[in-house]
Amino acid sequence: MNVRKIVTYVDEVLTEGGRPVDPPARTAVVVAVIDNPWAGQGFVEDLAPGIDATASDLGKLLAPRVVAALGVPVEAYGKAAIVGLDGEIEHGSALIHTLKFGDHFRKAAEATTLLPAVEKRAGAGTVFDIPLKHITDATIRSHHQSIEVRVADAPHAHEIAIGLAAAGQGRPQSRLAPLSTEQ
């Protein structure tokens, strides 16, 4: 796996709706920009060798970094793959939709739910939204949120930008009733 760069974003919301957020709502994203393992090969029928060679190492690289960047216990999480224009969306999906990748984050966050995801093909500098859900109960509405990310010079056409996102809480000032109140 060839990593060109790693970008880390940390966001802290101090006020929302004109009221203080205490403690501040923290969200973090770590994005690794890597060479697409299938770049230049045309249509690849069997993606398994590239997955085996890349996915686990990528999860191992990103999971501890996003947890450390967040600096508080993870309550919500998500993932993303943005494939450069010479690749296929399936290339990004192949790397992030495998337990070899996601289990590193699940273990680091002490999570049990599936990681919500976004994947698409796009040029460098594309803005994308990573969806987040609660780490143990995907029905907790306050933790359904997203974080916007952009890496100005990535992905290049032959690259994939892979990101993990974490939040230490639900949305600031969330006020929706639990889903169970509607059943």
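This is a predicted model: local features need pLDDT of at least 70, side-chain atom pairs count only at pLDDT 80 or more; totals for chains, interfaces and linings use all residues.
Helix α1 spans residues 48–70, and helix α3 spans residues 99–109. Their axes come within 7 Å and cross at roughly 20°. Angles under 35 degrees count as roughly parallel, so α1 is roughly parallel to α3. The crossing of α1 past α3 is right-handed. On the α1 side, the contact involves Ile51, Asp52, Ala55, Ser56, Leu58, Gly59, Lys60, Leu62, Ala63, Val66 and Val67. On the α3 side, Lys100, Phe101, His104, Phe105 and Ala108 take part. By class, the residues of this contact comprise ten nonpolar, three polar and three charged.

The largest pocket holds about 160 Å³ of space. It is lined by 13 residues. Closest to the pocket centre are Val21, Pro23, Pro24, Ala25 and Gln169. The lining divides into six nonpolar, four polar and three charged residues.

Pro23 belongs to strand β2, residues 19–35. Another cis peptide bond runs from Ala154 to Pro155, and its omega is near 0°. Pro155 sits in the loop between β6 (145–149) and β7 (159–167).

Glu110 has a positive phi, near 55°, although this residue is not glycine. Glu110 is placed in the loop between α3 and β4 (117–121).

How values were computed: Residues are numbered from 1 along each chain as its sequence is written. Side-chain values use heavy atoms; hydrogens and water are left out. Axes are lines fitted to C-alpha atoms, for helices over the stretch in contact, and angles run from 0 to 180 degrees between N-to-C directions. Helices (H or I, at least four residues) and strands (E, at least two) are DSSP runs, numbered from the N terminus. Angles under 35 degrees count as roughly parallel, over 145 as roughly antiparallel, 65 to 115 as roughly perpendicular and the rest as oblique. A crossing is left-handed if the near helix is turned anticlockwise from the far one by less than a right angle, and right-handed if clockwise. Contact means heavy atoms within 4.5 Å. Ala, Val, Leu, Ile, Met, Phe, Trp, Tyr, Cys and Pro count as nonpolar, Asp, Glu, Lys and Arg as charged, and the others, Gly among them, as polar. On a 1 Å grid over the protein atoms alone, a cavity is a set of points where a 1.4 Å probe fits but cannot get out, and a pocket is an open set with protein on both sides within 12 Å along at least five of seven lines; lining residues have an atom within 4 Å of a point. Grid points are joined across faces, edges and corners, and a volume is the space filled by probe spheres set on the points.
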